[in-house]
Amino acid sequence: DTCGIALFEGDQLLAELHVALPRAHDRLLATLFQQSLDVVGKPASHLSAIAVSTGPGSYTGIRIGVSFAIGLALGTGVPIIPVPTLDALAYSLRALAKASRRSRVLSVIPAGRLGLYASLFQVLPEFLRLTDAGAIQPEHLPALLDENVLAAGPGILQIKSQYSDCIAYGTTQLTARAIGEHAIFLQNLGLTCSPEQIEPLYIG
């Protein structure tokens, strides 16, 4: 499991801290947040919005992250930007899609007994979600892959090797930076919410 914090000013990344440890969120999230503020020399009162991954993802990690974001929003009075995990994965692949002459990204994450959670996105020339997040069995993924699609996310480990040309290797970890960058995109669209409006999507 990876627990991370990223701070932005406008669209500029100021700091990013993360740890990759099992069950790290409950023990380290608040510490990482304070350390990131210390790095940039700003208090929490300078925040203008709080982005958080809303899943789909593990119950523990998403619940702790969302609870922390809600508490921080209530304490500072700033809005929350809920960031769907699969959307952030796809958004972070725009440059790679352009370099490889692909226009779509299939974001996939493991979903336990449900197989995989997947969602298809157009990333070029503009970013659009083409299908909502839903469960799919790994053997059904090839029907969604073609020469215009890159598959990304931790679920790619369940895609058969004969489809390697469609796999974006090195994308098995969603970073805090990716969450923040997509949050900026969403905020520019006016897609923020109050703490009571946030709706996480859990797996397991």
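## Close-up views of a predicted model

**Figure 1. Lining of the second largest pocket.** At least two residues of the lining of the second largest pocket come from each of α3 (85-91), β8 (128-129) and α5 (176-188). The structure is a predicted model, in which local features need pLDDT of at least 70 and side-chain atom pairs count only at pLDDT 80 or more, whereas totals for chains, interfaces and linings use all residues. Residues are numbered from 1 along each chain as its sequence is written, and side-chain values use heavy atoms, with hydrogens and water left out. Helices (H or I, at least four residues) and strands (E, at least two) are DSSP runs numbered from the N terminus. A pocket is an open set of points, on a 1 Å grid over the protein atoms alone, where a 1.4 Å probe fits and protein lies on both sides within 12 Å along at least five of seven lines; its lining residues have an atom within 4 Å of a point. The lining here comprises 26 residues, and T54, P82, P84, D87 and R129 lie nearest the centre of the pocket. The space in this pocket is about 570 Å³, a volume being the space filled by probe spheres set on grid points that are joined across faces, edges and corners. The lining residues divide into 14 nonpolar, 8 polar and 4 charged. In this scheme Ala, Val, Leu, Ile, Met, Phe, Trp, Tyr, Cys and Pro are nonpolar, Asp, Glu, Lys and Arg are charged, and the others, Gly among them, are polar.

**Figure 2. The chain as a whole.** The chain contains 5 helices and 11 strands. Its C-alpha atoms fill a box of roughly 50 × 35 × 30 Å along the principal axes. The radius of gyration of the chain is 17 Å, which agrees with the value near 17 Å that a compact globule of 204 residues would have. This radius is taken over C-alpha atoms, and the globule rule is 2.2 Å times the number of residues to the power 0.38. Of the 204 residues, 42% count as buried; buried means under 20% relative accessible area, exposed over 50%, and partly exposed in between (1.4 Å probe, protein chains only).

**Figure 3. The hairpin of β1 and β2.** Strand β1 (residues 2-9) and strand β2 (residues 12-20) pair in the antiparallel sense over 8 bridges, where pairing requires that DSSP finds at least two bridges between two strands. The two strands form a hairpin with 2 residues between them, and G10 in the turn has a positive phi of about 65°. E9 stands opposite Q12 in β2.

Figure 4. The peptide bond from G55 to P56 is cis, with omega near 10°; P56 is in the loop between β3 (50-53) and β4 (57-58). Another cis peptide bond joins L124 and P125, with omega about 5°, and P125 belongs to the loop between β7 (116-122) and β8.

**Figure 5. R101 and R102 in the loop between α4 and β6.** R101 lies in the loop between α4 (94-99) and β6 (104-110), and R102 is found in the loop between α4 and β6 as well. R101 is not a glycine, and its phi is positive, near 60°. R101 is exposed, because its relative accessibility is 76%, whereas R102 is buried at 13%. The C-alpha atoms of R102 and L150, 48 residues apart in sequence, are separated by 6.9 Å.

Figure 6. G61 lies in helix α2 (residues 59-76) and counts as buried because its relative accessible area is 14%. G61 and Y202 are 141 residues apart along the chain, with their C-alpha atoms 9.2 Å apart. P154 occupies the loop between β10 (149-152) and α5 and is partly exposed at 24% relative accessibility. From the C-alpha atom of P154 to that of G170, 16 residues apart in sequence, the distance is 9.1 Å. L191 is in the loop between α5 and β11 (202-203) and is partly exposed, with a relative accessible area of 46%. L191 and I80 are 111 residues apart in sequence, and 9.0 Å separates their C-alpha atoms.

Figure 7. C193 is buried at 11% relative accessibility, and C166 is buried at 11%.
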